[in-house]
Amino acid sequence: MSGEERKAAILKAVRHLFAAKGFAGTTTRELAATAGVSEALLYRHFPTKEALYGAIHESICSERKYDKFDQLAALEPSTVTLVLLVHYMVSILARDAADPGEGSIPHRLILRSLAEDGEYARILSRRLAEFWSPKVVECLKAAAAVGDAIEERVPFECGSQFAFHLARMVVVQFLPPTPVGGCGPLNPELVSRVVWFVLRGMGLKEEVIRRYYQPETLAALGL
């Protein structure tokens, strides 16, 4: 195994431990044992625990590819594109929360991060600013231009951020074996309710959402 392959294997192995115990709750001995290497080899690749933690954050953010986002982002900014983007975003977050393995790790890491130094959360926010917010804001402005949306007390730039974080906090209730919330099971019906709530909060009019949001059709298209 090459040095880079070993480094990648360590990152993938120890992310579960950080997700379960957080940065402060893990020791280098535990990290090395989880990765199946000696502490000396761990330090050879990552001189400090902080360096390892930072590398995990970067690697996970880089891996979180939204396979259809590029296709949706290439569409003309419009109300329809906004509806597609929000539905896809909520669906992906819900899918990851329902995955007891690799999929749920980003959710768990961000909760741990918010309870500690917030670094992983800051990295995620920077990623959102790069690939999510600009397109969503363009779509909101296009929707407002044709009378489909109203920019009232929440600026569109804030609305794009609120949408993502709100959707995430809804789905993380389903991370424990016994879900925390009382909104029913994490299924397509709940996803559609979250999408409705987010779109209304962003400023879309109710009649506009009824006109353009057809979750059954989107599911049939693989969104």
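How many helices and how many strands are there in the protein? Switch to cartoon view and count: 13 helices and 0 strands. Helices here are DSSP runs of H or I with at least four residues, strands are runs of E with at least two, and both are numbered from the N terminus.

You're looking at a predicted model, where local features need pLDDT of at least 70 and side-chain atom pairs count only at pLDDT 80 or more, while totals for chains, interfaces and linings use all residues. Residues are numbered from 1 along each chain as its sequence is written, and side-chain values use heavy atoms, with hydrogens and water left out.

Of the 223 residues, 44% are buried. Buried means under 20% relative accessible area, exposed means over 50%, and partly exposed is in between (1.4 Å probe, protein chains only).

Side chains of opposite charge can pair when their charged atoms come close. We'll call it a salt bridge when a side-chain nitrogen of Lys or Arg is within 4 Å of a carboxyl oxygen of Asp or Glu. That rule gives 7 salt bridges, and we'll visit some of them.

**Stop one: helix H9**

Select Lys 135 and Glu 138. Their side chains form a salt bridge, 4.0 Å from N to O. Both residues sit in helix H9 (residues 133-145), 3 residues apart, or about one turn of the helix.

**Stop two: a link across the sequence**

Select Arg 211 and Asp 148, another salt bridge at 4.0 Å, N to O. What does this pair tie together? Arg 211 is in helix H12 (residues 206-212) and Asp 148 is in the loop between H9 and helix H10 (156-171), so the bridge joins parts 63 residues apart in sequence. Asp 148 is buried, with a relative accessible area of 9%, while Arg 211 is partly exposed at 48%.

**Stop three: helix H11**

Finally, pick Glu 189 and Arg 193, whose closest N and O atoms are 3.3 Å apart in a salt bridge. They're 4 residues apart in helix H11 (residues 188-202), about one helical turn. Buried or partly exposed, which is Glu 189? Partly exposed, at 44%, and Arg 193 is partly exposed too, at 48%.
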